[in-house]
Amino acid sequence: MEQKVFFIKTFGCQMNERDSEIMAQSLSTYGYVEGMDIAGADLIILNTCSIRAKAEQKVMSMLGYLRKNKKNKPDLKICVAGCVAQQEGKRILKKMPHVDLVVGTQNIYNIGELLLESSKNGPQAAIGLDDKYDIPNLLPTLSSRNQDATISIQPFRKFVTIMQGCNNYCTYCVVPHTRGREVSRKSNDIIDEVNALVKGGTKEITLLGQNVNSYGKTNSVSDNGNSYSFSDLLREVSEVKGLKRLRFTTSNPKDLTDDLMRCFQNIDNLCHQFHLPVQAGSDSVLKKMNRKYTVRQYLNLVDNLRHYCPEIALTTDVIVGFPGESPEDFEGTMNLLEKVQFHGSFSFKYSDRPGTRAGSFEEKIDETIKSERLARFQARQDEISFKRNREYVGKIKTVMVEDCSNDSVKSRTETNHIVHCAKTIDARPGDCLDVTITRAGQHSLQGKIINPG
Ligand code: SAH
Ligand code: SF4
Ligand code: F3S
């Protein structure tokens, strides 16, 4: 078979990163190898994100730019996958006639077949979204990607998708529309995948879902039909021999159980880190967002988490300028920031998304006000993150090495902090070392290697 080169550019969340791996693996069985850039590629895939308008615009402008490439190389195939593909479907083919293939979020496993189909019969859009989607089981092969092609591919740290879709319908969010109804994978399939990865050298696994706390709630995930929760899955995955670190993302506070919080106390390799998106610090805004918890309930969860695991590093997501957000509502968000003192946060200006309820809400907030609020929030968060980072100075931490190719060693703590050390010993990515934290910066820590961990 003639070997062809594909190049894949991934936008958006970790779920898309994992989906890109799946497409890469699937394409490798159709005679494709992964290339490092657009220039030498016979197939270009944009795996897209639609979470905010800006994300979608980025994709559209890159697609427009690719028109030239197609003109210069008529055999070039251009494919749009992911959430924008799902949302726009055939409209992409109309607007961008140089696109050959639109692959929706549930069709990524068929990308090879769909490409053949488009070669025979012209441009295709496969965007079926099945409510009872049975997530295919494709065991990962660590060698399926060109390690040089993308810096995000590190075989010692891998993502494992445990569920697809979301049923929460937060009023601002496009995900339930682009990823469909919530379906959980069978627990045995997940364990098989983790086993295969760890056997291949993976040391750290992150379990992925839009709302991992509701794993196993919408469909049966155990072979014997017994109830099986996310905490059950965490316990089982944590026992895979050779797995050093376990993480998960993302959690909706409304489904966070005491059983799950206790896992931080009882599971040794579960990292002391929790991403718990709050979105807003005002009850009336939370209600309009359909988040189904109050500020008080959120603060109680934070107290409980810290009770079970005092050193847990908490991060969050925040939206400013949701429709109708008053100055007082925004002060509520600032107050919450003071109360929780998050280790870090991701904050965004509210953005209208197609098909969402908030898109038609009145009292949209002015862009300049949104920008002011975002700047104020981020400036305060930066101060808090810096203060939090300084708390680590003088402490001894076990870190996992990520990069040891230069004079310094880049590594990560359990709490997800990056630590840079002078290279006093040789180490490989995935090795664990003990370090003393010597300095704190705004975005990372510095340390000194004391001995192999
Ligand atoms: N499933 C995750 C969120 C995934 S989207 C959860 O429920 O926590 C990641 C983040 O993008 C969200 O937490 C939210 O803060 C932000 N986001 C989602 N839709 C948005 C919109 N329309 N405008 C601005 N930010 C948005
Ligand atoms: Fe979107 Fe809400 Fe689902 Fe998260 S829980 S993906 S914010 S609808
Ligand atoms: Fe973006 Fe889709 Fe992920 S909208 S954040 S790529 S689920």
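1. Asp 189 is found in helix 7, residues 187-199; helices (H or I, at least four residues) and strands (E, at least two) are DSSP runs numbered from the N terminus. This is a predicted model, in which local features need pLDDT of at least 70 and side-chain atom pairs count only at pLDDT 80 or more, while totals for chains, interfaces and linings use all residues. Residues are numbered from 1 along each chain as its sequence is written, chains are lettered from A and ligands numbered from 1 in the order in which they are written, and side-chain values use heavy atoms, with hydrogens and water left out.

2. Asp 189 is buried but has no salt bridge. Buried means under 20% relative accessible area, exposed over 50%, and partly exposed in between (1.4 Å probe, protein chains only). A salt bridge is a side-chain nitrogen of Lys or Arg within 4 Å of a carboxyl oxygen of Asp or Glu. The nearest side chain of opposite charge to Asp 189 is that of Arg 185, 5.0 Å away; Lys and Arg count as positive and Asp and Glu as negative, with His and the chain ends not counted. The side chain of Asp 189 does make a polar contact, at 3.3 Å, with the side chain of Asn 137. Such a contact is a pair of N or O atoms within 3.5 Å; within protein, one must be able to donate a hydrogen and the other to accept it, and residues adjacent in sequence count only if both atoms are side-chain atoms.

3. Ligand 1 is surrounded by 15 residues, the closest being Tyr 172, Gln 210, Gln 279, Asp 317 and Ser 351 (a residue is near a molecule if one of its heavy atoms lies within 4 Å of it). An oxygen atom of the ligand is 2.7 Å from a side-chain N or O atom of Gln 279, and an oxygen atom is 3.1 Å from one in the side chain of Arg 52. A nitrogen atom of ligand 1 lies 3.0 Å from a polar backbone atom of Tyr 172. The protein covers 90% of the 540 Å² of accessible area that ligand 1 has on its own (Shrake-Rupley method, 1.4 Å probe; for residues, only the protein chains shown count as cover).

4. The shell around ligand 1 divides into six nonpolar, four polar and five charged residues. Ala, Val, Leu, Ile, Met, Phe, Trp, Tyr, Cys and Pro count as nonpolar, Asp, Glu, Lys and Arg as charged, and the others, Gly among them, as polar. Strand 13 (313-320) and strand 14 (344-349) each supply at least two residues of this shell.

5. Around ligand 2 the shell has seven nonpolar, three polar and one charged residues. Among them are Cys 166, Cys 170, Cys 173, Asn 252 and Arg 291.

6. The whole structure holds 31 salt bridges. One joins the side chains of Glu 21 and Lys 158 (2.8 Å, N to O). This pair links distant parts of the chain, 137 residues apart, with Glu 21 in helix 1 (residues 14-28) and Lys 158 in strand 7 (residues 157-161). Both residues, Glu 21 and Lys 158, are buried.

7. Glu 367 forms a salt bridge with Lys 370, the closest N and O atoms being 2.9 Å apart. Both lie in helix 13, three residues apart, about one turn of the helix. Glu 367 counts as partly exposed because its relative accessibility is 46%, whereas Lys 370, at 7%, counts as buried.
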